[in-house]
Amino acid sequence: MWFLVGIRWGHRETRDQINQDARRGKTMANEAFEVNGKWWLPEKPANAVVGRLSYDPDKGTELVLAGTLKSYDEKSTVLEDGSIQTELTESSLDGSYPLIHGQSGSSAFTLIDCFRTKGSAHFPSMQEEEIIRANSAIKGAWFDGDPMDAEGVSVSTRYLSHWIDIGGFEEDLESTPSGELTKTLRITQRPAEQADLANGMKCTLVHGIGWAGEGIVSRELSQNYKFTIRNSALVELQDLLDMTSDFQDLVSVGTGRIAEYTHIWFSRPDVQEQTLAGTDVGELALHYYARWNVRDNAAAKKLAPHEMYFSYGDLGGMSGVKQWLDCAADYRSLLSAVMATSYSESMFVSDRLLNRAAALESFDKTVTGYQGSNFKTRIERCGKLAGPEFLALLGTSAEEWAKAVKFERDDIAHHLGRHIRRDAPDLYFLAESLYWAFVLCFLRQMNAPQAVFTRIMKHQQWGFLGPKVTAAIKTVAAMADAEDSSNT
């Protein structure tokens, strides 16, 4: 259990203020920041040390202290001759800190799972510097306990509003009797949409609206969306984050972009927002920071509808989101493995093919329950399960595709060295076909509407990808046939 031992008093971030922060880009999970403050261990609140906390979504959280959190224990002993003998022993040598509390201005921080990376403190009079890394950080409250748990988690991701694909803005251009122009821009907040998941939790999509500009030179309206997973009781925070990760994967697949987190908040019933009079007015949204592997490096942040593979509406709205999340609960490790190959730009093409092929093989084993099928049979079966849209992409049979995939997979997995000097395009396009095979199989398994498959098939990227995949299959399958002939 975790216990609240302190919360931030003074200025409080209400839900409306959080929405405004999101519009301004303030306290975003994908933006770096630095704060100065004082920091201490929960069990030693009197031993606070000044220092600077810095957060970067690529590098993580680092705390640089002008001193040390754990110094030396002093023991004095009076000897027989009346002299005093003093012993100094370091209180901890491992430099690990499960929790660190801090305060910067009116903001409370809890740093989680921390460890020292550098320190210099030979004697109490010579305390200098300690540098600490934290795996995650919470802004808004001080906690003491284990494991970290919550009742709800809310996230916003890049391209989420594009994926929802509902404009909502209305414009009027009128002319007054004097000939002067009047322009009106309106937007109406849409009601929240909810769905009950198979695990008993509830997911909600909330539409937020706001404005920006100082009102003299410019004024503009904006909209955004927040996705929430909530349970009726406390559960481990990681379980909730796994589900928001599944939603992030959905938005990434649908948009064809990397839907990195822009904001993450979590809430607990024992951390309440309060008025200055001390009256509880609702749960306080606690900001959560960690080092994120899913980072969007696209130069263009705009996304046109025709660039997406499918939208929220194509999926059937919240009922489709529910189906995706329920299905992801059964195949989370496989979905994560496949999406990781798309999120990582630096991954070798051979690793992409190998990881995607392994995930697809395991997917077939889970779906069918068959234990004795060989690799090629499983891949071919998945190619057929992916449906007619996928076979159209291949331009050939699922059997030929599976033969080519097996040939390349065996060469990589068993280090056969069949074609060390061969170019990579065949590997790349076969790897891309494996990605779409898994996505389409997953969509079939969750009973996605036909509108999703139709829109994917009509995407311009599929028009480009199809001939390349067909050519790669033909080349590699011919090599496989030639090898089989030489071995007979």
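Predicted model: local features only at pLDDT ≥ 70, side-chain atom pairs only at ≥ 80, totals over all residues.
Among contacts between residues at least 6 apart in sequence, what share joins residues at least 24 apart? In this protein chain the figure is 66%, where contact means heavy atoms within 4.5 Å. Residues are numbered from 1 along each chain as its sequence is written, and side-chain values use heavy atoms, with hydrogens and water left out.

**The whole chain**

- You'll find 12 helices and 20 strands in the protein chain; helices (H or I, at least four residues) and strands (E, at least two) are DSSP runs, numbered from the N terminus.
- Of its 488 residues, 46% count as buried, and here buried means under 20% relative accessible area, exposed over 50%, and partly exposed in between (1.4 Å probe, protein chains only).

- Strand E14 (residues 193–196) runs antiparallel to strand E15 (residues 202–212), with four bridges joining them; two strands pair if DSSP finds at least two bridges between them.
- Look across from Gln194 and you land on Thr204 in E15.
- The hairpin of E14 and E15 has five residues between the strands, and Gly200 there takes a positive phi near 95°.
- E15 is also joined to strand E16 (residues 220–236), antiparallel again, by 11 bridges, with Trp211 opposite Leu221 in E16.

**Strand E17 and its partners**

- Strand E17 (residues 261–267) is mostly covered, as seven of its seven residues are buried.
- One partner is strand E11 (residues 149–157), which pairs with E17 in the antiparallel sense over six bridges; Ser156 stands opposite His263 in E17.
- Another is strand E20 (residues 286–290), antiparallel to E17 and joined to it by two bridges, where Phe266 faces Leu286 in E20.

**Helices H5 and H10**

- The axes of helix H5 (residues 318–343) and helix H10 (residues 425–445) come within 11 Å and cross at roughly 175°; axes are lines fitted to C-alpha atoms, for helices over the stretch in contact, and angles run from 0 to 180 degrees between N-to-C directions.
- By class, the contact of H5 with H10 has 12 nonpolar, two polar and no charged residues (Ala, Val, Leu, Ile, Met, Phe, Trp, Tyr, Cys and Pro count as nonpolar, Asp, Glu, Lys and Arg as charged, and the others, Gly among them, as polar).

**Ser252**

- Ser252 is found in helix H3 (residues 237–255) and is buried, at a relative accessible area of 3%.
- A polar atom of the Ser252 side chain lies 3.1 Å from the backbone nitrogen of Ala259.
- Leaving out residues up to four places away in sequence, Ser252 touches Arg257, Ile258, Ala259, Met339 and Tyr343.

- Asp113, in strand E8 (residues 107–120), has a positive phi near 55° and is partly exposed, with a relative accessible area of 43%.
- Asn447 isn't a glycine either, yet has a positive phi of about 60°; Asn447 sits in the loop between H10 and helix H11 (450–458) and counts as exposed at 60% relative accessibility.

Definitions and conventions: Polar contact = N/O pair within 3.5 Å; in protein donor to acceptor, adjacent residues only side chain to side chain.
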